[in-house]
Amino acid sequence: MKYVIIGGDAAGMSAAMQIVRNVEEAEVTTLEAGGIYSYAQCGLPYIVGGEVEHTDKLIARDVETFREKYGIDARVFHHVEAVDTKKQIVSGQNLETGQPFELPYDKLLIASGGSPVLPDVPGRTLKGVHTLKTIPDIEAIDADLDDVHDVTIIGGGYIGLELAENLIETGRNVRIIDRNDRIAKMFDPDMTPLIHEEAGKHGVELCLGESVEALEGVQRIQAVQTTGSWYDTDLVIAATGIRPNTDFLENAGVQLRHNGAVQVDAWMRTNVDHVYAAGDCAVQYHRIKERDDYVPLGTHANKQGRAAGKNMAGIPKQFQGIVGTSILRFFDLTLAKTGLNEAEAESMSFPFDTVMHQTVDKAGYFEGKKPLTLKLVYRTDTEEVIGGQVIGESGAAKRIDVLAVTLFHRMTLDDYEDLDLSYAPPYNGVWDPIQQTVRRAT
Ligand SMILES: Cc1cc2nc3c(=O)[nH]c(=O)nc-3n(C[C@H](O)[C@H](O)[C@H](O)COP(=O)(O)OP(=O)(O)OC[C@H]3O[C@@H](n4cnc5c(N)ncnc54)[C@H](O)[C@@H]3O)c2cc1C
């Protein structure tokens, strides 16, 4: 059986490993447009700040390991340009030799991820204008930082915030420009002051409610023109989201969503026989929204890839879906979210309410306690908790994962009161902060 996988990172190689482990004499070929396999993109921002010493540390398994230890025909610089799903042939170009290639498949996995979107403004090709997605990207940013004093980040989402923190650590001026009136807008507006305060405390300049209109400079970036102002700068990093890499499927008959993500079912099958998809190039089923969504995260890519690999190997495995959980360190704070925020809840048809609670991470009498802010979103018809946000210096990670599990299993406010959560004074009060918050809603 010939297996072909497009994409050599999280989703693609999770699938490849399931196939080689479960199918005797599987012929697995992986086609990767870049030169590096299986690396942790999530660690890239920490290269700049020095918390991760070297990009080598981010590589989980190198291409030689896949070839020699697992017998995978792992090809580098093989760019796929088309898929003929009738003849079951993948074609493209070897970027090193310039030669075209064609490869037949019995089963195909599309795991081509996504690419950063650079705002479509004049000056985007100037030197010193970057995006961040790959190891070569962070190496280019790092190499370009030498004489840089002032960095502008476009976009105040997760990657923008992580970059801001890491660049501040290097002593540079850092500004975030965002067209919204707040950064981290996955959190509700009433949680925003905590995040803005933290940015201010650490010297990140926030330029909000402004859209970038042009990047200015002669050869190299010198300034950013926005709808509201003009900022002199030495380097720009655009962190304005990603778009699925699915252009090569244009004539393949594979169903795509409006944003280009591949439509898959719970078994990671597309609408075309023998063709699967997983990771940032595909949709994810959202358990609370009860519909497909697009939430491109490594945690989903690994699980979807593993499920795809099992199904391709003939072992039925459903991807159970997501609830929309994420976490991020922003200087001294942990910002964590699961489920729906208020804006997302408003887009649904059910009635809901929210409860917010400011508490501490330890027993109230305990030395060294730190503020912890929680917010829950719950349905008023069924009392099901459908969203949670937690921000604090300590204890947020524990709470968000408890919430994520309860959301996954669709528990109600009443169920929370009975949860047997751990308790000792250095970690919480006798009623855990989650239960304290729930009790304010009931
Ligand atoms: C800076 C940064 C920080 C992040 N932090 C987090 C985090 O903290 N937590 C989290 O859950 N997620 C995080 N993510 C997201 C996470 O890294 C991605 O969701 C994950 O890498 C997606 O894996 P994937 O295999 O689907 O796609 P990718 O990792 O994008 O891999 C797809 C591969 O396909 C290749 N490819 C594309 N098109 C073709 C083609 N036509 N032919 C051949 N090969 C092709 C690409 O070169 C690429 O190597 C972060 C991402 C970035 C960039």
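Modeller: Gladly! The shell around the ligand is made up of 15 nonpolar, eleven polar and four charged residues. Here Ala, Val, Leu, Ile, Met, Phe, Trp, Tyr, Cys and Pro count as nonpolar, Asp, Glu, Lys and Arg as charged, and the others, Gly among them, as polar. Before we go on, please keep in mind that this is a predicted model, in which local features need pLDDT of at least 70 and side-chain atom pairs count only at pLDDT 80 or more, while totals for chains, interfaces and linings use all residues. Residues are numbered from 1 along each chain as its sequence is written, and side-chain values use heavy atoms, with hydrogens and water left out.

Of the 30 residues around the ligand, the ones that come nearest are Asp9, Glu32, Gln41, Asp280 and Leu297; a residue is near if one of its heavy atoms lies within 4 Å of the molecule.

How much of the ligand does the protein bury? Taken alone, the ligand exposes 990 Å², and the protein buries 87% of that, with areas from the Shrake-Rupley method and a 1.4 Å probe. Helix H1 (10-22), strand E4 (78-84) and helix H7 (298-312) are the elements that give two or more residues to the shell; helices (H or I, at least four residues) and strands (E, at least two) are DSSP runs, numbered from the N terminus. At the level of domains, whose bounds come from an automatic or database assignment, the shell draws at least three residues from each of domain 1 (2-34 + 76-115 + 242-312) and domain 2 (118-238).
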